Amino acid sequence: MSAAIPSPSVNDFHVGPVEFHLYGIIYAIAIAVAGMIVVRRWEARGGSRELVFDVLLWSIPAGVIGGRIYFDLTSSGEVPPHWWGPFAVWDGGLGSWGAFSAGVLVAVWRVRRAGASVAQALDAAAPAFLVAMAIGRVANYVNQELFGEPTSLPWGVEIDPSHRPAGYHQYTTFQPTYFYEAVWDLSLAAFLVWLDNHRQIRPPGLFALFVTGYSGFRIFEELLRVDPSHHILSLRLNFFVACLVTIAGALWFAWTQERWGRRPPASAPGPP
């Protein structure tokens, strides 16, 4: 093998008696960057950053809880065999479907409670979600998890024997599916920003496109991944989830834009 991407040798460090997990630090950075993007986009729509901070305060814990519940249900074989195993997010294991669903539902509640436009808020947040996910995928690289099938490609990532799933211990390098997704997420985020600036998209059309585009790529990604997962008809459960959400997102986008000619587009985010 002429080239490969090495995996990090450690995923945590200590400062005195305090242990820091790189997985959690990377996710904290992802949330902070996404928050800054939402603030800028929401204020550009005439909204208040205080509402963004309020939404983050509620939706971040909801996202962590929802993501962990989804992981526990769909990857139960990967839950650490301790009483605290279902809660051990510091060891990795946050299902993006559960995290997004719980976080968005709570965010919608807080925005609606403030009397602001939910549709505008979702569009303001759409690119930020993608940037956050792209950064978060680096955490999967650090934890040596959620990689794809074995490969001899020069950008294959080296996985330590202790992290290789059953049946793959004889292989050394695997498809870095988390990096594939990170590139896609950043590209889609840039496209949504361009679309927002150059085309008239009825809210929450950008968010619907985010749902469609992200889920569409996950269809491809789930066909590559080899980490343990529940299967239906020999295909990963998340493959079917991605297919359903892609279709739902596309129909949602078509419905929002079809209404353009029948109602004026939502233009004001609501009270600052």
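Biologist: Why is isoleucine 69 called partly exposed?

Modeller: In this predicted model, isoleucine 69 has a relative accessible area of 47%. Buried would need under 20% and exposed over 50%, so with 47% isoleucine 69 lands in between and counts as partly exposed.

Biologist: And where does isoleucine 69 sit?

Modeller: Isoleucine 69 is part of helix 2, which covers residues 49-74. Glycine 98 is 29 residues away from isoleucine 69 in sequence, yet their C-alpha atoms are 7.0 Å apart in space.

Biologist: On to the helices. What makes helix 4 and helix 6 roughly parallel?

Modeller: The angle does. Helix 4 (residues 118-142) and helix 6 (residues 205-224) have axes that cross at roughly 25° and come within 7 Å. Angles under 35 degrees count as roughly parallel, so helix 4 and helix 6 get that label. As for handedness, helix 4 passes helix 6 in a left-handed crossing.

Biologist: Which residues meet where helix 4 touches helix 6?

Modeller: From helix 4 they include Leu122, Phe129 and Met133, and from helix 6 they include Leu206, Phe210 and Tyr214. By class, the contact of helix 4 with helix 6 splits into nine nonpolar, one polar and three charged residues. Gly205 is in that contact too, and Gly counts as polar.

Biologist: Then why is helix 3 called roughly antiparallel to helix 6?

Modeller: Helix 3 (residues 96-113) packs on helix 6 at an angle of about 170°, with the axes 13 Å apart. The cut-off for roughly antiparallel is over 145 degrees, so helix 3 and helix 6 qualify. Their crossing is left-handed.

Biologist: Who does the touching between helix 3 and helix 6?

Modeller: Ser96, Trp97, Phe100 and Val104 from helix 3 meet Phe207, Phe210, Tyr214, Ser215 and Arg218 from helix 6. That set has six nonpolar, two polar and one charged residues.

Biologist: One for the strands: how do you know that strand 1 and strand 2 pair?

Modeller: Count the bridges. Pairing needs at least two, and strand 1 (residues 12-15) and strand 2 (residues 18-21) have four, in the antiparallel sense. Take aspartate 12 as an example: its bridge partner in strand 2 is histidine 21.

Biologist: What links strand 1 to strand 2 in the hairpin?

Modeller: Two residues lie between the strands, and in this hairpin glycine 16 takes a positive phi near 65°.

Notes. Residues numbered from 1 in each chain as written. Predicted model: local features only at pLDDT ≥ 70, side-chain atom pairs only at ≥ 80, totals over all residues. Heavy atoms only, no water. Buried < 20%, exposed > 50% of the residue type's maximum accessible area, 1.4 Å probe, protein only. Axes fitted to C-alpha atoms, helices over the stretch in contact; angles between N-to-C directions. Parallel < 35°, antiparallel > 145°, perpendicular 65-115°, else oblique. Left-handed = near helix turned anticlockwise from the far one by under 90°. Contact = heavy atoms within 4.5 Å.
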